[in-house]
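Today I'm going through how the two chains meet.

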Protein chains: 2
Amino acid sequence: MNRVSVREAQSGEPVVPPEVSTSAEPRRAVVLTVGDEILRGDIINTNAAYLSEQATSLGFDVVLHESVADDVSIISEVVQKAVGLAELVLISGGLGPTTDDLTSESVAAAFGSSLVRCERAEAQLRAFFERRGRELVAANLKQADLPAGAAMLENPIGTAPGFALPTSAGAGSLVVCMPGVPTELRRMFREQVIPQISARIGHREPASRRLYRVLGLGESAVQHRIGGALESFIGGLPRGTARVQYRAHVPEVWIALQGALDSSGHSPTSAMLAGADALMREALGRSLYGIGTATIEERVLGALRQANLTVAAAESCTGGQVGALLTAVPGASDSVLGSIVAYSNQLKRSLLDVSEATLRAHGAVSEATARAMAQGVCRRTGADIGVAVTGLAGPSDDGSGGAVGTVHFATSDGEVTTHRALQLPGSRARVIKAASYGALRMVWDSLIERGVARVEDADTKFTGRI
Amino acid sequence: MNRVSVREAQSGEPVVPPEVSTSAEPRRAVVLTVGDEILRGDIINTNAAYLSEQATSLGFDVVLHESVADDVSIISEVVQKAVGLAELVLISGGLGPTTDDLTSESVAAAFGSSLVRCERAEAQLRAFFERRGRELVAANLKQADLPAGAAMLENPIGTAPGFALPTSAGAGSLVVCMPGVPTELRRMFREQVIPQISARIGHREPASRRLYRVLGLGESAVQHRIGGALESFIGGLPRGTARVQYRAHVPEVWIALQGALDSSGHSPTSAMLAGADALMREALGRSLYGIGTATIEERVLGALRQANLTVAAAESCTGGQVGALLTAVPGASDSVLGSIVAYSNQLKRSLLDVSEATLRAHGAVSEATARAMAQGVCRRTGADIGVAVTGLAGPSDDGSGGAVGTVHFATSDGEVTTHRALQLPGSRARVIKAASYGALRMVWDSLIERGVARVEDADTKFTGRI
């Protein structure tokens, strides 16, 4: 167990890495999230899920989540309780510049310690504000005050530094505080917290994990198709070495097959896990768009880049979301020319050459219009692949007699045009989201048809969130 | 305080509604979520946020969230602690048919009680399976076993009934258990839990709350500008009747001014809260785009509709996100014609008439290009207002010498064109998001200029999620 005291760490000398335990006994972690906004339900606590998943994948048993108010006595009490329960205490939130940001003060109070101005934190705060041409006010400098003995964790994308405080209290715990802004928290965890944990407590290699990504089938349909065969497959492995999780990420379903050490230290080999692929492909067909960590956007763009192809979208009900998904990926400009979002029928005619006759005979939400849009966007942009989506997102219908949730898709290479229609369930937001992913799936299927895309990632080991 | 004992409730007689307290002392609530999948971070805990937000809006102070493992002794211990802390204990999860669903058993154990088969629950379970043509197995019947004295809560869309257990333990608390599936939980809460709370504990009209929405200033800049004046303002109100909260909703900052009852039952009047408006407007200027619950997308669309104006976007770095934000609002088709997403320079020329000379002399990320794009989209679509956005989202620059995060915006009515440039911080995703909202802000500002928009919602009382 790590027994680095606050005094040792405070001296500024490098802390001697503890003997990292190789015992099979799992270390415990507690996740604390701080903020009135969580208790009032103003925000959804994604940080607790992220930190739990990370700690779990590093081999910790997360034994408790607790969310508490912005209050020094409450926070310091739960911190004291947490170090009695667990070797690793992960805290997020309450490091901001405002008067209700009290985490640093509370952690110091929990150990009878005080806040000390961290010069490096102050210098980085000043540099951060200077780079952005913003004025640094006194409230900001409060963020450079850390509990005595804490190692500062840099925040390259925000103003709140974090800190790691090794303590001899409780189980000899490492207390790590991170900002509540999720992007800042995640980057800090990845780049600085994992090395801190590694150096001070040690962590276990995460078990291998294979992720199957499905688009176009619901969770119960997926389970119905693969449940029996997967159970037999896992039954054929050494007992306790693999488990399966189904997770709905609307509109996707992800299936994680995770290898775990059994009590005698066996784990399934990569070859064993790979054996599941054939089973999944057989049962799920084209709906299994990916095996591995890459998203469908990343897969589509990777395949387009490799095949030196360009894409453009003709969007109606998705309003720009198809283009937005594709261009969210860095380097999208290599392959994405753009989109024509023809929300009005007038623009479907003038910008996409959909004929008045087609619109009148079939309506805007129809196979004929989707096909004309895909052809039109190829012609207008010169893209190798044009994808079109037109549908009725609701909440009310448009008086044309079509049903809310009806969506027509088409892809075209300027010569051959392919069509698909779906009836999507749920709210306006859900229909728009599913329709946007449906359009990506159309492009993906056309890339598979052309033989320029494959379902497996280069690296199919997966250690992130599912 | 409600002192309905388990024995009284068990008799099946209607429980006499307690005298609903009119004391100003706020009632407290605790939210417990049960399940290993939460502690492992396999799922994001949206139920905790939902239950907290509901309890808050019913006038409860939520004092604690706790998420615990599927373990009888752990669950019953936290339930015992919770009834000591709060009048209302809301629990979700662990009511399913599998062996790791232990909440009912644990709640019974917490009160030294036992599980009793509920005939109504059993009948409804059998009917549920029959309707779906599914076979009812023994494991399912376990879901009809409820703690003695509990009132069953029906689950019309799932198999797990919930229950409400009035108890004389602790503060005389009402313990409510609901299924973990969010749609089932929400429907049960709305239709059955609120009436239970109302009858057994009573709930208070939520305090009035005024929400100020800011776009274009960071959290610390907002606090710097309004902090002092707001403190004086609150100081002038009866002590303890109002409090302020700052919340970063990147790229926005929200300021909530909440009226609360003080210990003698005073609360600030609407007029008092309204008095804060002048202060906020003065200090924040145009960055204060809204007072009330409506989002900037809803405000823009509402003003466009009222003024009978149309809008179209010319997007580059945002890739379609501006159009997607606008069209996410129901009824967008009244005012949004569409977008031209000219991600490539070729499409900026061919679809938006940006001249080769402009692109060569100034580059794609420039004031001249933004202006030409806004004018081009007006001409090509016939929109009353064209908004353009072109910038460098990163992560790496484009070799043109521009800095990542530089974004140029323009709005045009076909004749007069207005320009703004921003240097946006953060990751690619953050720059794209801020640029998309920046474009909405440009449209909003032009609607304010035209005198067809106002900062206040019709209804400025706010009781929902911030």
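This is a predicted model: local features need pLDDT of at least 70, side-chain atom pairs count only at pLDDT 80 or more; totals for chains, interfaces and linings use all residues.

**Across the interface**

I started with a facing pair: A:E66 stands opposite B:E66 in β2(B). Strand β2 (residues 60–68) of chain A pairs with strand β2 (residues 60–68) of chain B, antiparallel, over three bridges. For my own reference, strands are DSSP runs (E, at least two residues) and helices are H or I runs of at least four, numbered from the N terminus; two strands pair if DSSP finds at least two bridges between them.

Residues are numbered from 1 along each chain as its sequence is written, with chains lettered from A and ligands numbered from 1 in the order written.

Next I looked up the contact totals: 69 residues of chain A are in contact with 68 of chain B (C-beta atoms, placed from the backbone, within 7 Å).

I then traced an open sheet of ten strands with mixed pairing, in the order β17(A)-β16(A)-β15(A)-β13(A)-β14(A)-β14(B)-β13(B)-β15(B)-β16(B)-β17(B). Which strands stand at the edges? They are β17 (417–423) of chain A and β17 (417–423) of chain B, each with a single partner strand, so one side of each has no neighbour in the sheet.

Technical notes
Two residues are in contact if their C-beta atoms, placed from the backbone, lie within 7 Å.
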